[in-house]
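Reader: I'd like to learn how to read ring contacts in a model. Can you walk me through some?

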Amino acid sequence: DFDIIEGRDNMQMDAGMALLKTTHWASKRPEQQERLAMEHSFCYGARCRKTGRQIAFARVVTDYGTTYYLCDVVVDPAWQHKGVGRALLEAIQTNPLFRDLRGILVSRDAQPFYAKFGFEKSDRGMVKPAKES
């Protein structure tokens with residue numbers, strides 16, 4: 001039903017932007033800021049085989065040596081609970097670039113989902129929120 005796509009050049013950036021606008025964490029980000037973030041990230045997505053429309057998006061930010069940061073994971077609500085998110089995470093975690101690195105993410109509402117992929121809650125982390133635009 002869908003294919004996982006990798007790399008910024010394979011993304012439908014407008015579709016990714018539209019998906020991010022549906023989230024509580026990215027809905028207020030300016031488009032210019034979001035595009036800059038995409039340009040400096042390793043992007044993943046999922047595309048519907050039937051329509052060719054992008055139905056999911058995720059970004060990975062990394063130093064390629066020790067750590068990657070997984071962010072902006074979003075799946076079109078019509079495609080949730082159909083294995084799209086699982087396939088995105090599996091593609092990211094099996095990529096040789098990230099496979100042996102420590103993964104970090106910030107999630108307040110999807111922790112049980114990410115726990116299935118080995119992410120654990122930590123009391124050692126701190127976050128400095130971005131300045132509101």
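Author: Start with Phe-42 and Phe-98, which are both buried (under 20% relative accessible area; exposed is over 50%, partly exposed in between, using a 1.4 Å probe and protein chains only). Bear in mind that this is a predicted model, where local features need pLDDT of at least 70, side-chain atom pairs count only at pLDDT 80 or more, and totals for chains, interfaces and linings use all residues. Residues are numbered from 1 along each chain as its sequence is written, and side-chain values use heavy atoms, leaving out hydrogens and water.

Reader: What kind of aromatic pair do Phe-42 and Phe-98 form?

Author: Rings of Phe, Tyr and Trp (its six-membered ring) pair if their centres lie within 6.5 Å; planes under 30 degrees apart are stacked, over 60 edge-to-face, the rest tilted. Here the pair is edge-to-face, 5.5 Å centre to centre with 80 degrees between the planes. Phe-42 lies in strand 2 and Phe-98 in the loop between helix 3 and strand 5, so the pair ties together parts 56 residues apart in sequence. Helices (H or I, at least four residues) and strands (E, at least two) are DSSP runs, numbered from the N terminus.

Reader: And how do Tyr-68 and Phe-98 pair?

Author: That one is tilted: 5.8 Å between centres, 50 degrees between planes. Tyr-68 sits in strand 4, 30 residues from Phe-98. Tyr-68 is buried too, at 3% relative accessible area.

Reader: Which residues do ring pairs link into a cluster?

Author: Phe-42, Tyr-44, Tyr-64, Tyr-68 and Phe-98.
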